[in-house]
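Subject: Structure handover

Hello,

My notes on it follow below.

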Amino acid sequence: MAIVIIRQDRKIGSWKKALVAKAPDISIYSYLEEHPKEEITLACVWKQPADILKQYPNLKCIASFGAGVDFIFKDQSIPEHIPITRVVDPVLAGDMSEFVLALILSFLKNLNSYKTDQLKKAWYPREYKRISDITVGIMGMGALGEELAVDLIKNGFKVIGWATSPKEIPEAEVYAGNSEKNIFLSRSNILVCLLPLTQQTTGILNNKLFKELPKQSYVINVARGGHLVDEDLLEYINNGHLAGAGLDVFHEEPLPFEHPFWTHPKIQITPHVASVSDIESVIPQLLENYRKLTEGKPLNNTVNREKGY
Ligand code: NDP
Ligand code: OXD
């Protein structure tokens with residue numbers, strides 16, 4: 001039994017070093033080095049190369065290095081019986097919450113516009129908004145959405161949420177299912193997308209949805225680029241219905257050089273950094289699942305294949 005780490009970014013070395021340091025008794029390989037493929041039972045992956053998982057005949061589990069698993073499901077060749085796990089981590093949730101709070105405050109107080117003004121040496125005071133005027137609507141009330149709701153409420157925001165199933169969250173009304181989507185949208189001055197990317201949620205941030213939001217709403221997408229129809233967002237910002245958007249994730253990453261989001265004055269973009277899996281915090285849960293796998297025990301944080309998250 002052994003672990004292979006598959007990720008195509010520069011972090012592969014640090015993850016391997018940290019895993020080996022925490023579990024010197026386990027054989028752990030980077031997929032870039034020579035390794036005995038038939039021994040691999042756990043593959044820890046982040047945006048793996050297409051079809052690579054087929055090379056491991058005795059694979060028993062695929063673990064995402066992040067909260068999302070959409071990139072794993074893209075590989076249609078993964079056998080149904082192999083469980084997929086993901087990261088559920090208070091550090092990841094706390095980081096996401098801080099990031100979204102920063103984006104919201106920067107919108108309320110016009111900080112991005114002032115940066116643009118500064119570069120032009122323009123002294124141009126603008127009207128600002130107050131926390132008490134704002135209802136934040138969170139799409140996706142899972143591990144990240146719920147923590148965000150609690151933190152925003154602590155900071156004085158009114159918060160509503162939307163998920164597939166009803167939830168009890170003190171001081172936050174949570175709407176459930178498609179029948180309650182429009183009422184949820186009509187109350188959201190700031191809309192935050194924290195949905196998983198599935199067949200049902202692909203392209204959900206589109207002109208039909210934007211139309212239901214109150215005038216001058218602000219849209220934040222920190223989930224996946226595939227949730228957003230880019231042209232529809234541009235149309236609804238340019239026609240004045242939306243006040244702007246904060247986007248951390250894109251259909252293609254890095255965002256292509258010629259994409260209009262780069263230079264749009266009302267769109268704040270960041271390079272998929274809202275919340276990044278913390279090595280120290282995530283490694284114990286990867287190793288705990290590896291040990292459970294070895295002992296034939298049920299794994300933590302498994303994904304529901306049918307739902308896609
Ligand atoms: P969870 O699986 O814990 O939560 C997902 C939530 O979305 C649940 O509340 C679920 O409802 C709801 N949901 C799913 N499908 C639908 C639907 N069709 N309609 C309505 N609600 C739906 O996910 P996490 O909170 O852990 O993560 C969310 C996403 O955030 C990840 O999938 C990832 O893509 C993204 N992410 C982005 C990061 C970044 O840096 N930008 C970092 C980390 C994550 P229910 O509870 O009823 O099942
Ligand atoms: C994740 C991410 O899914 O970083 O964890 O996007």
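At what angle do helix α1 and helix α9 pack, and how far apart are their axes? Helix α1 (residues 12-22) and helix α9 (residues 279-295) pack at an angle of about 60°, with axes 10 Å apart. That makes α1 oblique to α9. The handedness of this crossing is right-handed.

Some ground rules. This is a predicted model, where local features need pLDDT of at least 70, side-chain atom pairs count only at pLDDT 80 or more, and totals for chains, interfaces and linings use all residues. Residues are numbered from 1 along each chain as its sequence is written, chains are lettered from A and ligands numbered from 1 in the order in which they are written, and side-chain values use heavy atoms, with hydrogens and water left out.

Terms for the helices:
- Helices (H or I, at least four residues) and strands (E, at least two) are DSSP runs, numbered from the N terminus.
- Axes are lines fitted to C-alpha atoms, for helices over the stretch in contact; angles run from 0 to 180 degrees between N-to-C directions.
- Under 35 degrees is roughly parallel, over 145 roughly antiparallel, 65 to 115 roughly perpendicular, and the rest oblique.
- A crossing is right-handed if the near helix is turned clockwise from the far one by less than a right angle, and left-handed if anticlockwise.

Ligand 1

There are 28 residues around ligand 1 (a heavy atom within 4 Å). The closest are Arg-86, Thr-164, Ser-165, Lys-167 and Tyr-309. By class, the shell has 15 nonpolar, nine polar and four charged residues. Here Ala, Val, Leu, Ile, Met, Phe, Trp, Tyr, Cys and Pro count as nonpolar, Asp, Glu, Lys and Arg as charged, and the others, Gly among them, as polar. Helix α5 and strand β7 (158-163) each supply at least two shell residues.

Now the polar contacts (pairs of N or O atoms within 3.5 Å). Tyr-309 has a side-chain N or O atom 2.6 Å from an oxygen atom of ligand 1. A backbone N or O atom of Met-141 lies 3.0 Å from an oxygen atom of this ligand. For a polar side-chain atom of Arg-224, the distance to a ligand 1 oxygen is 3.2 Å. Taken alone, ligand 1 exposes 940 Å², and the protein buries 91% of that. Areas use the Shrake-Rupley method with a 1.4 Å probe.

Ligand 2

Around ligand 2 sit Trp-46, Gly-66, Ala-67, Gly-68, Arg-224, His-272 and Ser-275. That shell divides into two nonpolar, four polar and one charged. A side-chain N or O atom of His-272 is 2.7 Å from an oxygen atom of ligand 2. Arg-224 places a polar side-chain atom 2.8 Å from a ligand 2 oxygen. Gly-68 uses a backbone N or O atom, at 2.8 Å from an oxygen of ligand 2. Alone, ligand 2 exposes 210 Å²; the protein buries 86% of that.

Backbone points

Most residues other than glycine have a negative phi, and most peptide bonds are trans. Glu-171 is not a glycine, yet has a positive phi of about 70°. Glu-171 is in the loop between β7 and β8 (172-176). The peptide bond from Glu-253 to Pro-254 is cis, with omega near 0°. Pro-254 lies in the loop between β11 (242-247) and β12 (267-269).

Best regards

Terms used:
Polar contact = N/O pair within 3.5 Å; in protein donor to acceptor, adjacent residues only side chain to side chain.
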